[in-house]
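This briefing covers a few local features of one chain, grouped by topic.

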Amino acid sequence: MGMVQNKVAVVTGGTRGIGYIIVRRFLEEGAKVALAGSRQETVDKALAKLAEEGFTDNVMGVCPDLTDADSVKAAFDQVVERFGRLDVLCNNAGISSRTALVDYTVEEFEGVMDINVIAPFVCSQAAARIMIEQGGHGAIINTSSMVGKHGQPSGSAYPTSKFAVNGLTLSLARELAKYDIRVNAVAPGITHTDMVDALPDTVIKPLIESIPLGRMGEPEDIANAFVFLASEQASYISGAVIPVDGLSRP
Ligand code: NAD
């Protein structure tokens, strides 16, 4: 019996990075999973990779525009049609930014807010409507970041968006508690994805040395927190923003 046995989960940005590992961990723990990507091509590639790893059943792909309520509703309806219900939403999709304040355009700032804040709002609304109609009980898990607590010395849209994610998490937790829908967030530190692999050793080494637990986070570390928060073992936890960062203090 898996930790999230038979639960139906949607994972946004599930095609690569941390999101792909969240999808895999949910499948390993018995869930039925819909991964949402931005393009059909990347969705198909992720499904093919999962099939190579032995996960052919209980997984499907959708590619809604995450900032468009109608598009997200249509995708979630497809999930309910295939798997019969919706129990868990993992708002993982996100984009980073390193732009200096003096170089920012409003468009670039808005672009980060769109995918990091508007998308979790739109997806949470669509998921909550379904969960409430089912009679309540469910879990929404957002992706914050350690910079959503400490700030970041460039790319201010990114930490700003993650502070907003924390606010959305705490507020929706309070609003949805009466339906037994729990809303929490995971706040990763620097996590070992392709993006990090592309950085030179001269950047990576001091980064690792600054982390008290002595290593970077692995995507599995983050995914395990998602699985726990989605599981019944977390049935009395809502409104929490859980750091998974090896005690990093940037
Ligand atoms: P990644 O770039 O590898 O993956 C991001 C995912 O989001 C991809 O699947 C991508 O398709 C999806 N995405 C991006 N823009 C999208 C859009 N417009 N529409 C739909 N999907 C879109 O990043 P990652 O490192 O795996 O990050 C995942 C989450 O974790 C993000 O929310 C990120 O902010 C957060 N995070 C990552 C780290 C880290 O060190 N990697 C640290 C803290 C927080």
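Thr143 counts as buried because its relative accessibility is 9%, and the cut-off for buried is under 20%. The model is predicted. Thr143 lies in strand β5, which covers residues 138-143.

**Surroundings of Thr143**

- The side chain of Thr143 reaches the backbone oxygen of Asn91 at a distance of 2.8 Å.
- Beyond its neighbours within four places in sequence, Thr143 is in contact with Asn91, Asn92, Lys162, Val165, Val186, Pro188 and Phe226.

**Helices α1 and α9**

- The crossing of α1 and α9 is right-handed.
- On the α1 side, the contact is made by Ile18, Ile21, Ile22, Arg24, Arg25 and Phe26.
- On the α9 side, the contact is made by Pro219, Glu220, Ile222, Ala223, Asn224, Phe226, Val227 and Ala230.
- By class, the residues of this contact between α1 and α9 comprise 10 nonpolar, 1 polar and 3 charged.

**Glu28 in helix α1**

- Glu28 is placed in helix α1.
- With a relative accessibility of 42%, Glu28 counts as partly exposed, since this class lies between the 20% limit for buried and the 50% limit for exposed.
- The side chains of Glu28 and Arg25 are joined by a polar contact of 2.7 Å.
- Arg25 is also among the α1 residues that make the contact with α9.
- From C-alpha to C-alpha, Glu28 and Glu218 are 17 Å apart in space, while 190 residues separate them in sequence.

**Helices α3 and α4**

- Helix α3 (residues 69-83) and helix α4 (residues 106-133) pack with their axes 9 Å apart and at an angle of about 40°.
- This angle makes α3 oblique to α4.
- The crossing of α3 and α4 is right-handed.
- From α3, the contact is made by Ala69, Val72, Phe76 and Val80.
- From α4, the contact is made by Val122, Cys123, Ala126, Ala127 and Ile130.
- The contact of α3 with α4 holds 9 nonpolar residues, with no polar and no charged ones.

**Positive phi angles**

- Most residues other than glycine have a negative phi.
- Asn6 has a positive phi, near 65°, and is not a glycine.
- Asn6 sits in the segment before β1 (8-12).
- At 49% relative accessibility, Asn6 counts as partly exposed.
- Asn58, likewise a residue other than glycine, has a positive phi near 60°.
- Asn58 is found in the loop between α2 (40-52) and β3 (59-62).
- A relative accessible area of 33% makes Asn58 partly exposed.

How values were computed: Residues numbered from 1 in each chain as written. Predicted model: local features only at pLDDT ≥ 70, side-chain atom pairs only at ≥ 80, totals over all residues. Heavy atoms only, no water. Helix = DSSP H or I, 4+ residues; strand = E, 2+ residues; numbered from the N terminus. Buried < 20%, exposed > 50% of the residue type's maximum accessible area, 1.4 Å probe, protein only. Polar contact = N/O pair within 3.5 Å; in protein donor to acceptor, adjacent residues only side chain to side chain. Contact = heavy atoms within 4.5 Å. Left-handed = near helix turned anticlockwise from the far one by under 90°. Nonpolar A, V, L, I, M, F, W, Y, C, P; charged D, E, K, R; others polar. Axes fitted to C-alpha atoms, helices over the stretch in contact; angles between N-to-C directions. Parallel < 35°, antiparallel > 145°, perpendicular 65-115°, else oblique.
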